[in-house]
Amino acid sequence: MHGHFYQPERRDPFSGEIVPQPAAAPYRDWNARIDAECYKPNAERGNLRHISYDLGPTLASWMATHDATTHQGFVDSDAPLGVGDRDTGNAMAQSYHHAILPLAALADRRTEIRWGLRDFDLRFGRRPTGIWLPETAVDLPTLRILADERVKYTILAPWQAADTRLDTGRPYRVELGGGRQIVVIFYDAELSASASFQSDATMNADDFARERILPRFSGPGFRDGTPVTALIATDGELYGHHQKFRDLFLARLVNPGPDVPDRGFDITTVGAIVGGTPAGAFLPTQIAERTSWSCHHGVLRWTAECPDAADGRWKGPLRAALERLAAGLDVVAGGLAGDFMEPGALWRARDEYVDVIFGAESPDGFARRWIPLATTEQRERLLVLLEAERWRLAMFASDGWFWDDPVRLETKHVMLCAARAARLIDGAADTDLEGRLVDDLTLLTSPSRRIDGSAIYLEALSDAGQPVG
Ligand SMILES: [Zn+2]
């Protein structure tokens, strides 16, 4: 079993606080509600000790502040029962802001992945061996970065294999060139879909085990002796939030207790299956480039007119507007950094800035380490540039494009991140990147309200109590 636990960065990038979200009543905001319905009970019941899971950094940092006990439960559950090897924990890393990596610039992919791995290391106290790719969106260049960063495995949807009839009952390796490879475990489509989307299937864990899981293990097995596995990968929020009481279902399924006789299969984790085995031991296979788990049209859901959306025409212009902003921000930030850093150093500093966001290093300590001979003003300037880069990365969170309409909270949030980044750089360099962003946002229209993106942007700022002119 694998649970993908993720919520976007919901904190307002200006105030650092989550604006109250009335739709989450009786809770203050969605994070608080999902915590009460899902994260907390699953941690308390010990479910995480028996499953694989990834806890997204943006959610984890909220949890550490607002429910430290549950956060500790997620951290402690990484140590699998009865396994001493710290390389084979239950938890997987996640790339930091949940951007769709095949749509990102190469440097952004590297930063997002490095931040995710480093956040995991700081939080869980070990180097991660596996990473969850946002929306499992994948291509070979992304896998190559993972291999370069010594990531051993990831999870993909079965339709992300190039071979459409691939047997998902065992892990595979993907060759990446230059002697690099990565292990991929494709989840079981039918089991995962029934757990996620058929609420009647998960009414009773014993029935689920007997009627749905057991048949996976009744065949003749693999001739080479590889144990048959079946991975059920879902959103972690399924268990108690998307579907009530499924935290109890999960508890019964993964830890039935001594009174339950042999069910014909064991519960294990992805880390335990692939952690101790060299990648070369798995059969080779190939991935389908630029695919994902929640769009059957590659990665169109986050960039263009995915056929599942009633009207996805706003998505392309939104991405283009933010990409133009990102390019402008990078040029201006790189130019300003040239006053006190050698060329390229800003981007290496960006890759490590996650330590400041995590709180492992003070901002001033970080700046002193990178530019020891600089003036106080220059150190402050460096921190402004890195803070702008942080929100510039955050503005590509996949949530901004996931839903049907840009007037939603999630799209407004990526716009706020863009505003924060633009204002920081405009303030430092006396540029007008925000003005160009607002112009570019007029190129998209909300299908429901027929207002353009610049009106949505101004609404988002005004909701957040920020000046709009
Ligand atoms: Zn689609």
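**Figure 1. Valine 184 in strand S7.** Valine 184 belongs to strand S7 (residues 180-186); strands (E, at least two residues) and helices (H or I, at least four) are DSSP runs numbered from the N terminus. The model is predicted: local features need pLDDT of at least 70, side-chain atom pairs count only at pLDDT 80 or more, and totals for chains, interfaces and linings use all residues. Residue numbers start from 1 along each chain as its sequence is written. Valine 184 counts as buried because 24 C-beta neighbours lie inside 10 Å; a residue is buried if 20 or more other C-beta atoms, placed from the backbone, lie within 10 Å of its own, exposed if 12 or fewer, and partly exposed in between. Neighbours within four places in sequence aside, valine 184 is in contact with Tyr153, Thr154, Leu156, Pro171, Tyr172, Val174 and Ile287, contact being defined as C-beta atoms, placed from the backbone, within 7 Å.

**Figure 2. The largest nonpolar core.** A nonpolar core is a set of buried Ala, Val, Leu, Ile, Met, Phe, Trp, Tyr and Cys residues joined through C-beta atoms within 7 Å. The largest one comprises 123 residues, of which Val184, Ala418 and Ala421 touch the most other members. At least three residues of this core come from each of domain 1 (2-284) and domain 2 (307-463), with bounds taken from an automatic or database domain assignment.

**Figure 3. Packing of helices H10 and H16.** Helix H10 (residues 315-337) and helix H16 (residues 409-429) pack at an angle of about 30°, their axes 10 Å apart. Axes are lines fitted to C-alpha atoms over the stretch in contact, and angles run from 0 to 180 degrees between N-to-C directions. On the H10 side, the contact is made by Leu322, Leu325, Leu329, Val332, Ala333 and Leu336, and on the H16 side by Ala418, Ala421, Ala422, Ile425, Ala428 and Ala429. These residues divide into twelve nonpolar, no polar and no charged; Ala, Val, Leu, Ile, Met, Phe, Trp, Tyr, Cys and Pro count as nonpolar, Asp, Glu, Lys and Arg as charged, and the others, Gly among them, as polar.

Figure 4. In helix H2 (residues 57-66), the buried residues are Pro57, Thr58, Leu59, Ala60, Trp62 and Met63. Their cover includes strands S1 (2-5), S2 (52-55) and S3 (91-94), together with helices H1 (30-44), H3 (68-76) and H4 (106-124).

**Figure 5. The contact between the two domains.** The C-alpha centres of domain 1 and domain 2 lie 29 Å apart. Domain 1 gives 25 residues to the contact and domain 2 gives 20.

How values were computed
Contact = placed C-beta atoms within 7 Å.
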